[in-house]
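Open the model in your viewer and keep the sequence panel beside it.

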Amino acid sequence: IEDDSDGVAAWVAGYVLKRITDFAPTAERPFVLGLPTGSSPLGTYKKLVEFHEAGKLSFANVVTFNMDEYVGIPEDHPESYHSFMWKHLFSKIDIKRENVHLLDGNAKDLAKECEDYEAKIESFGGIELFLGGIGPDGHIAFNEPGSSLASKTRIKTLAYDTIVANSRFFGGDLEKVPRMALTVGVGTVMAAREVLIIILGISKSIALAKCIEEGISHMWTVSAIQQHPCACIVCDEDATMEL
Ligand code: GLP
């Protein structure tokens, strides 16, 4: 628990720096990092860019897999997760384009796109560290309430609560929020060797309490990490309101 979002960003970015540095990745043995979008990781990305600019951190041998992407909006739409990631992180660091992986929400065959994504993760030997955020309904990636806790990458219909929560990025217009997304599954996150979830703000306080003080439930999908051998939540004081 950190005092505020700046404290969380500093802690998480510092941790990522340490993990990558200790791992000492090479082209043959890259560090495989899972990444979220949303406002929660923004401060962390800013700090990672600062570390890179200060010469403390290179992403030359880092491979990334993003958690999710909307279906049916163009890749260059300002609110696509492709645009988000390039804007806030990838364009500002020395990552190689071929090492960046994002689901294609416009693929002709969406089911195949999801299968191929899982195979790609496997081909890199799995994800070393998966960073994540959660929705106010406790979803991780786009694993909405009711998702199987064993789920792998697939297409999901967004819950009404998520459409409302994410409408702030679409000018507050519910109609403009995509109805579907491609998302890694809860099982995909659980298969990572380490999971680190960033939880900020009072709007996430009920979800945080459900996640760590109640049992594991597919209605609060982030609660699955209770069974992960190496998982950690980094949150601000506001998010702890219901604990
Ligand atoms: C979306 C994403 C999630 C993310 C959530 C929270 O629903 N699919 O991966 O965790 O937003 O976003 P924010 O951090 O902006 O609250």
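**First stop: a proline in a loop**

Select P178, which sits in the loop between α5 (160-166) and β7 (180-183). Helices (H or I, at least four residues) and strands (E, at least two) are DSSP runs, numbered from the N terminus. This is a predicted model, in which local features need pLDDT of at least 70, side-chain atom pairs count only at pLDDT 80 or more, and totals for chains, interfaces and linings use all residues. Residues are numbered from 1 along each chain as its sequence is written.

The cut-offs: buried is 20 or more other C-beta atoms within 10 Å of the residue's own, exposed is 12 or fewer, and partly exposed is in between, with C-beta atoms placed from the backbone. Now show the contacts of P178: leaving out residues up to four places away in sequence, P178 touches Y70, V71, G72 and I73. Contact means C-beta atoms, placed from the backbone, within 7 Å. Next, draw a C-alpha to C-alpha distance from P178 to F130: 25 Å in space, for 48 residues in sequence.

**Confidence**

Colour by pLDDT, the predictor's confidence in each residue, from 0 to 100. The protein has a mean pLDDT of 97, and 100% of its residues reach 70 or more. The model scores are ipTM 0.94 and pTM 0.97.

**The sheet**

Switch to cartoon. Follow the open sheet of 6 strands in the order β4-β2-β1-β5-β8-β9, with parallel pairing. Its edge strands, β4 (100-101) and β9 (231-235), each pair on one side only. Two strands pair if DSSP finds at least two bridges between them. Zoom in on β5 (residues 129-132) and β8 (residues 194-199): they pair in the parallel sense over 4 bridges. Pick L129, then its bridge partner in β8, E194.

**A helix against the strands**

Select helix α7 (residues 205-213) and colour its buried residues: A207, L208 and C211. They lie on the same side of α7 because they cover an arc of only 100 degrees around the axis. That arc is taken from the directions from the helix axis to the C-beta atoms. What do the buried residues of α7 pack against? They pack against β8 and β9.

From K156, step across to A181, its bridge partner in β7.

**Two alanines with positive phi**

Go to A24, in the loop between α1 (5-23) and β1 (31-35). Its phi is near 50 degrees, a positive value in a residue other than glycine. A24 counts as exposed, because it has 9 C-beta neighbours inside 10 Å. Then select A141, in the loop between β5 and β6. A141 is not a glycine, yet its phi is positive, about 55 degrees. A141 is buried, with 30 other C-beta atoms within 10 Å.

**Last stop: the ligand**

Centre on the ligand. It is surrounded by 14 residues, and the closest are G38, S39, S40, G133 and G135. A residue is near a molecule if its C-beta atom, placed from the backbone, lies within 6 Å of it. Colour this shell by type: 5 nonpolar, 8 polar and 1 charged. Here Ala, Val, Leu, Ile, Met, Phe, Trp, Tyr, Cys and Pro count as nonpolar, Asp, Glu, Lys and Arg as charged, and the others, Gly among them, as polar.

Technical notes
Two residues are in contact if their C-beta atoms, placed from the backbone, lie within 7 Å.
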